[in-house]
Amino acid sequence: MRRITSWVALGAATTTLLAGCGGGYRYGDGYGDGGGPGSNELISFVGTTGVFAAWADSETGEFAAAASGSYAGKRQSLHGSIDFMTGQDLMQPAWVEINETGATVDDTCSLSGTQVAGANTDYAGVYFAADLQNPVNSAYFYRLPGLDGSCDTADDVVHMVRTGMSSTDAPITVSAMPVATVHSATGSITGFVIKSGTQLVMVDNTFANPVVLGTFAGTIGVAIALPVGTTQGYPTGQLFLVDGNVVHVNYASPALSATLFTIPGWTPTSNGANFAASPTALYVSVNTAAAAGAPESASIYTIPADGSAAAAVVDTEASHIDSLSFPVGGTNLVWGETTPTYTIRAMAQSGGTPFTLAASSVNAGMFTATATTVYYTTWSSATDNTARTVTRSATTTAVVGLDGTVIQAPLANSTFASGGEEQPWPDDTVTTATPYETMIQVQGLTPVTVADPASGYTYTVDGVSGGTLVAIDTGTNQPGVTIGTLPVSHATGLTGTFRDAGHTGFIEATNAASTNDPATRDLYLLNTQQAGTLTRITNNL
């Protein structure tokens, strides 16, 4: 891929909006290259919070990139064909990139959740809400310090900027950072949910006309909108985690349910549970540590998405559940557990007896699931607290079907990137999730040693440094193109989820010393359908 230096910036209030367009939209069959001599090519717009490319052409590989340091938080939307800044139909995929050039660039004001030291899980430095019926009404919120000069304090100032504002429009000061966005059935923003003392309040899209959704016994500390598993349309109510209690909030007829579940190990800085959502239910897994002679165990609960019943236990495992997933379009709940070896289990949405998909002889792992298939990585992890060392070895990948069929036998010295390529958005305003279409496998791992100055531990792990990236199509589960080979560095893992009709996207390389500072990560650009397209954007590791 070839880097070029030109890119377009359009100003709005204290933000910069990067927008662009390319050809290749075809009525009737979605997004794609126009085909034939002289036709326009789809241009993709992709990025991360650290370094972003204003655009990347999926055929030529040309891209324009801007380094971090001159802006703070960033949000991106790629959905539909309407220009987010003018409201005009571009007759092709539309995109908007928003970042702050006039706001503070420190981590506390820009990051979210427990990425900020000491912050609660619902803390947000920036927040973006897309309006898919009236894109110029899309809203970007950012946080500034008050008189005390620090964010995450009582006098923080929250500004809202709409993508349709001009450079002469001042940011709108609002009363609070949103907890959730409320949409109409067709994707327009109708309001926002905010915390206000003891109440959850819904304001309209101008932050006026407050409506009380529910009142709690004391001042709300932490409120989080829990996952929604639908893939089409927007809910008229939602489950929330409020100070450790799961409740249902009705947007259409403002009301608050009784407590549906209380998470035993909840704290303001830890949810104390894993969550996953199907179209009809929320799943919650809670681990119970060994105590008084009783072994460690885990319970999985289900709560109806409409809040019509309290939580019910659907399974208990003699293990520690590490992660929980309900794949887009799937019919099974999938989880990874340590028993003490790493095992992947599943259970039908309709209930019944849980079943084992894969069992390893090592004690750690991770997975990504689609509706039919699980792609997983396992490894042996050992920690010496006296020597302050962590070792990760015997890293292996494999692929298994939800029916238990072994699709790819264990492959030594390999790992799957965390995430993958998702299918592009269709040309509508109601699709809210799309499934994975490509997984990225890194083959040929080598040991990498990294010291983490924050913890004082030294990590020696099977790293992606020097590894070869291979695309795996989730439809066929066959290896596709060899995307490229990573340079020798101190990178140990890859992460990134992207969607693009031209199959161009970003992934990040990290190691144990990486933080939210982009200077501790490396960014790569790639195309999952074109061999040899892996391009290193930064050189930090």
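This note goes through a predicted model point by point, from confidence to strands to aromatic pairs.

1. **Ground rules.** The model is predicted, with local features needing pLDDT of at least 70 and side-chain atom pairs counting only at pLDDT 80 or more, while totals for chains, interfaces and linings use all residues. Residues are numbered from 1 along each chain as its sequence is written, and side-chain values use heavy atoms, leaving out hydrogens and water.

2. **Confidence.** pLDDT is the predictor's confidence in each residue, from 0 to 100. The chain averages 80, and 79% of the residues score at least 70. Residues 1–86 fall below 50, yet this stretch has 284 contacts in the model beyond near neighbours in sequence (contact: heavy atoms within 4.5 Å). Residues 89–105 are also below 50, with 92 such contacts. Where pLDDT is low, the predicted coordinates should not be read in detail.

3. **Overall make-up.** The chain has one helix and 44 strands. Both are DSSP runs numbered from the N terminus: helices are H or I with at least four residues, strands E with at least two. Buried residues make up 52% of the 541 residues. Buried means under 20% relative accessible area, exposed over 50%, and partly exposed in between, with a 1.4 Å probe and protein chains only. Among contacts between residues at least 6 apart in sequence, 47% join residues at least 24 apart.

4. **S9 and S10.** Strand S9 (residues 126–129) is covered on both faces. Val126 and Phe128 are buried on one side, Tyr127 and Ala129 on the other. S9 pairs antiparallel with S10 (residues 139–144) over four bridges; pairing requires at least two DSSP bridges between two strands. Tyr142 in S10 is the bridge partner of Val126.

5. **Strands around S32.** S31 (residues 373–384) and S32 (residues 389–401) run antiparallel and are joined by eleven bridges. Tyr375 stands opposite Val399. Four residues lie between these strands in their hairpin, where Arg388 takes a positive phi near 55°. S32 also pairs antiparallel with S33 (residues 406–412) over four bridges, with Thr396 opposite Ala412. That hairpin has four residues between its strands too, and Gly404 in the turn has a positive phi of about 90°. S38 (residues 458–463) runs parallel to S32, again with four bridges. Here Val390 has Tyr459 as its bridge partner.

6. **A four-stranded open sheet.** The order is S22-S23-S24-S25, with antiparallel pairing. S22 (274–277) and S25 (312–317) are the edge strands, each pairing on one side only. S22 pairs with S23 (residues 281–288) over four bridges. Ala277 stands opposite Leu282 in S23.

7. **Aromatic pairs.** The structure holds eight. Rings of Phe, Tyr and Trp (its six-membered ring) pair if their centres lie within 6.5 Å; planes under 30 degrees apart count as stacked, over 60 as edge-to-face, the rest as tilted. Phe141 and Phe192 are edge-to-face, 5.2 Å centre to centre with 80° between the planes. Phe141 lies in S10 and Phe192 in S14 (residues 189–196), so the pair ties together parts 51 residues apart in sequence. Phe141 is buried at 0% relative accessible area; Phe192 is buried at 0% as well. Phe261 and Tyr301 form a tilted pair, 4.4 Å centre to centre with 40° between the planes. This pair links S21 (residues 261–262) to S24 (residues 297–304), 40 residues apart. Both residues, Phe261 and Tyr301, are buried.

8. **Ring cluster.** Ring pairs link Tyr127, Phe141, Phe192 and Phe207 into a cluster.
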